[in-house]
Amino acid sequence: MKNTIFGYWFLFAATLLSAQTLHHTRQPVGLQDHQPGAYAVTGVTVQVDPQTEIKDAVIVVRDGVIEAVGAATDVAIPADARVIDRKGAFVYPGFIDLMADLGKDGKKPGAKAGEAKGTAGHQPENRARKRVADTYTYPAKRAKALRKAGFTAAVFMPSGGIFSGTASLALLQEGRTNDVVLQSDAAGVVGFRGTVPQAYPDSAMGGIAMIRQVVADARWYQQAHSAYQKQPQGQTPPSVNADLAALAPFVSGDKPFLFNVRNHHEALRALKLAKELEIESWVFAGDDAYRRVASFKNYQPKLILPLDFATKPEINDPAAEAVVSLRDLRHWYLSPAAPAALAEQDVAFVLTSFGLKKSKDILANLRLSHHRGLAKEALLAALTTRPAAWLNQSDSLGVIKPGALANFFITAGDLFTTETEIAESWVRGQRERYDAEDTQGVLGDYSFTAAKKKYTLAISGTPGKIKGKLKRGKKDVKTSAWSHQQGRLVFHINDAGLAGEGVARVSARIEADGLHGWVIKSDGSRFALDAKRDKAGSEDKPKAYKGPKSLSEPLAVVYPDGAYGRTADPEQPAVVAVTNATIWTSGPAGMIENGTMVVKAGKIVAVGADVAVPEGATVIDGQGKHLTAGLIDEHSHAGLDAVNEWTTTNSAEVGTHEVINPDDISLYYQLAGGLTMANQLHGSANPIGGQNSVIKLRWGADAEGMKFAKSMPGIKFALGENVKRSNFPAPDGYYPLTRLGVEQFFRDQFDAARDYRNQWEAYEKATDKAQRVPPRRDYRWETLLQILDGKRQIHCHSYRQDEILMLMRIAEDYGFKIDVFTHILEGYKVAPEMAAHGAMANTFTDWWAFKMEVVDAIPYNAALMHQAGVVVGFNSDDDELARRLNTEAAKAVKYGGVDPHEALKMVTLNPAKQLRIDEHVGSLEVGKDADFVLWNHSPLSMYAVAQQTWIDGRKYFDRSEADAQRDQAAAQRRALLQLVLSSDAKGGASDRAKGKPRRMMHCEDLDAFSAETLDSLHAHD
């Protein structure tokens, strides 16, 4: 019997597949198959597309294509069609996943990138030549999970590398790769994180820089080979590079890049990069896209959102609760609403199962997103018509209409309002059934007599999962272990009347008139069971979907998410007046007692002792308080997701401006310490580091909103132990390993930059330029040329006086200047030479003896350099010190007797001069930005606490408001904790919002975030 049933279903499935008309490029072997290929699915409610539904409909399928669909009264069933009656069922277009992984099936030998061979490129993180289609085999396990969740086609991604290769669109159907792959080059997959140890790049900013360079290289590659073909004589042929050649359709804009990144921060970076490079893109936005909906909307993007929402935080143990932040809790609650938030703002997105391995989880989260506000039409569009349109497959996929492929699935209940499961999946007319047919009619009501007692038996549920209810008269009889297989019914009876002392077992055949078999009692005796079928039953309807509990009040999205977030930017009053304060101007006016400052539209318009307060002004009484310009940190790593690109000695092409994270709580803490601006520097792992970013601490703005556009571009250089890798490993073949080598390296790199310029100048002057192979554009050398041309300033990590002199001499030899020696500790030894060169200095007061090269540091360093005429400032290089830069200025008074007003300039005006932005900020002078701090004591007092911090005439920090915010955050936290504790969902470590102590970053950090999570850097309560 078993073999017969198995053979029947195998034959049926084979018939469906073989009956399809596939346009093979090969001749069939053996006999031709002439089985009919027409089927009619009847009695169903059909969701034709996201907007159109037909009740009591018929779908006619022929040769894997939909021939007709419509109401039963309008569609004639062909005479040769096999009729499949699914009365009362629902039919939906097959879902399309644009970002599927192959699972374990895709981890084949050779999937890892080894040494490039043949015509492949030399970069181990560029594997663009690899295509999923070239090695594709049906991922049976992954495909089964996808099909049982409603998917019928998927874009399968390659893995590994910054340029991972080409993703391919395939039907979720077993068969020859030639037949099931619909598009071999659906998208070029890129990411920001490499996978090869010690290979460039190792940081997110390095990954972004590599993408920029490789896209330029791929465009150059096409141009270079075209030029050489036109005129090979007299030119060296450009190298053959399979990786660059493979990128041609993607860099030309014919096909999209799929950015496989991790969260909304990286998604916004990807969109910015795609816009800059003028490439088409699909961008995975993570499950936290709700955090910056307006920022996404600005790009008019094509986003891919996960159905893999944040999991329930594990807080059953009170001790575990301590590492779960309010941000974590909010994310758990808000991530299922991310699709609805984007849909509300008309941001185009599709949904992916990426991250979910089980079909039941995919369906559960699909319903959850609907429950949390995503309309049925929008949800269906995100899984059907929109991905089809992005793939240019609108006529074939995502709809149930004549001419489209017969890709659909059938459910017993409404997909969105019930907990229904996928009963059938059809892929190009191939039917795969997951529910069990009640072919023997086991469901129903039965009656029998035993031991002179009348019993009734009701069997319900579904054929695949039955349940029974046995009664003796009106009394319930306990049963268990129900199973139904191959025409036999088995269950246990726990009742003394039938079983005796123990448990009786029932084994019965299912016949048309009822059940016939035996009851085996506990003592081994048996008696016949003949149960008459009184009434045929029907399957249980799927349970109604209720969804999880919600908060009594909506949870507003705040910027940034978590404690101290705000729903909008701070108001900018038309006029603000600070009165009766002691004003430290940091300008020519010096200190003003009982003074007034007036601000209009974010600019200072008056400062003095006799300034009138305009009518209607917002007045701040500064009686007994001190007013200063906002503090500026020339050397910071706060608000960054990466610090060092340590895998190369020259990383001039990378930049911290690519990896700003405005949600970093340290920025808020520094704002509360009076800091209004910071220079975010690359680390000190290499002699020529990366480009900088100057930001204003506009708490709540996105990364672009924090950037200060008027600052001069800069770059980080470094000297000393770090660059020669004295204290941490160097990559294989690393140079330089000595201080002597550092000097030679600088000279070599600037010589190379000059050679690069000469190549371009010669090319531009050539009369036959159109036929000449152009030089390859190199962002690294272009950055160094900006230094030579005085268009980019240098901030150099330095300690020892001999290296300070060395670098100034190199700069003078090449005709440029070192602007700032940052955290310099032996500057006092060469201060006159620095002043003559025009170099400025930032230092620490009492950081010494933490490594050999700083043993000669002294606390009088700042005062001595100041006396020699050097523009001196204090920097942090540390998130905690940045909260207290005013006390660093106070130390210059203690160690060296610097005038207090001059000392304050070391954290206000002087850093502004060092960043060449002193015409805009750094002092309280007419015409400058209204960046100011109100203190309760002298800013040089150890008792000084910032009461208010203003930027651009907007109040970004108010200590009294912060107290109220903490109370609100505590109440919100308690409410969310109770919701978590009452949730039926399974607990576990939350994925993208896993709470961990924030890691403070310094110059020497090689990796600013773990491979598991970015968000842990930014958790705050």
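Let me start with helix α5, residues 204-230, in this predicted model. Helix α5 has 27 residues and covers 39 Å from the first C-alpha to the last. At 1.5 Å a residue the expected figure is 39 Å, and α5 comes close to that. Is α5 enclosed or open? Of its 27 residues, 21 are buried, so α5 is largely enclosed by the rest of the structure.

Now the chain as a whole. There are 1021 residues, and 57% of them count as buried. The secondary structure comes to 27 helices and 41 strands. If you draw a box along the principal axes, the C-alpha atoms fill roughly 110 × 80 × 60 Å. On contacts, take those in the chain with a separation of 6 or more: 67% of these are between residues 24 or more positions apart.

Which residues of α19 and α21 make the contact? From α19 we have R739, V742, E743, F746, R747, F750, D751 and R754. From α21 we have E803, M806, L807, I810, D813 and Y814. You can see a spacing in those numbers, and the background is simple. An α-helix has 3.6 residues a turn, so residues three or four places apart point the same way. By class, the contact of α19 with α21 has seven nonpolar residues, seven charged and no polar.

The second pair is α11, residues 326-334, and α27, residues 959-982. Here the axes lie 10 Å apart and the angle is about 50°. That angle makes α11 oblique to α27. As for handedness, α11 crosses α27 in a left-handed sense.

On the α11 side, the residues in contact are L326, L329, R330, W332 and Y333. They meet A969, Q972, R973, L976, L977, L979 and V980 of α27. How do the residues of this contact divide by class? Nine are nonpolar, one is polar and two are charged.

The α19 and α21 contact divides into seven nonpolar and seven charged residues, with no polar ones, while the contact of α11 with α27 has nine nonpolar, one polar and two charged.

Methods. Residues numbered from 1 in each chain as written. Predicted model: local features only at pLDDT ≥ 70, side-chain atom pairs only at ≥ 80, totals over all residues. Heavy atoms only, no water. Contact = heavy atoms within 4.5 Å. Helix = DSSP H or I, 4+ residues; strand = E, 2+ residues; numbered from the N terminus. Nonpolar A, V, L, I, M, F, W, Y, C, P; charged D, E, K, R; others polar. Expected span 1.5 Å × (residues − 1). Buried < 20%, exposed > 50% of the residue type's maximum accessible area, 1.4 Å probe, protein only. Axes fitted to C-alpha atoms, helices over the stretch in contact; angles between N-to-C directions. Parallel < 35°, antiparallel > 145°, perpendicular 65-115°, else oblique. Left-handed = near helix turned anticlockwise from the far one by under 90°.
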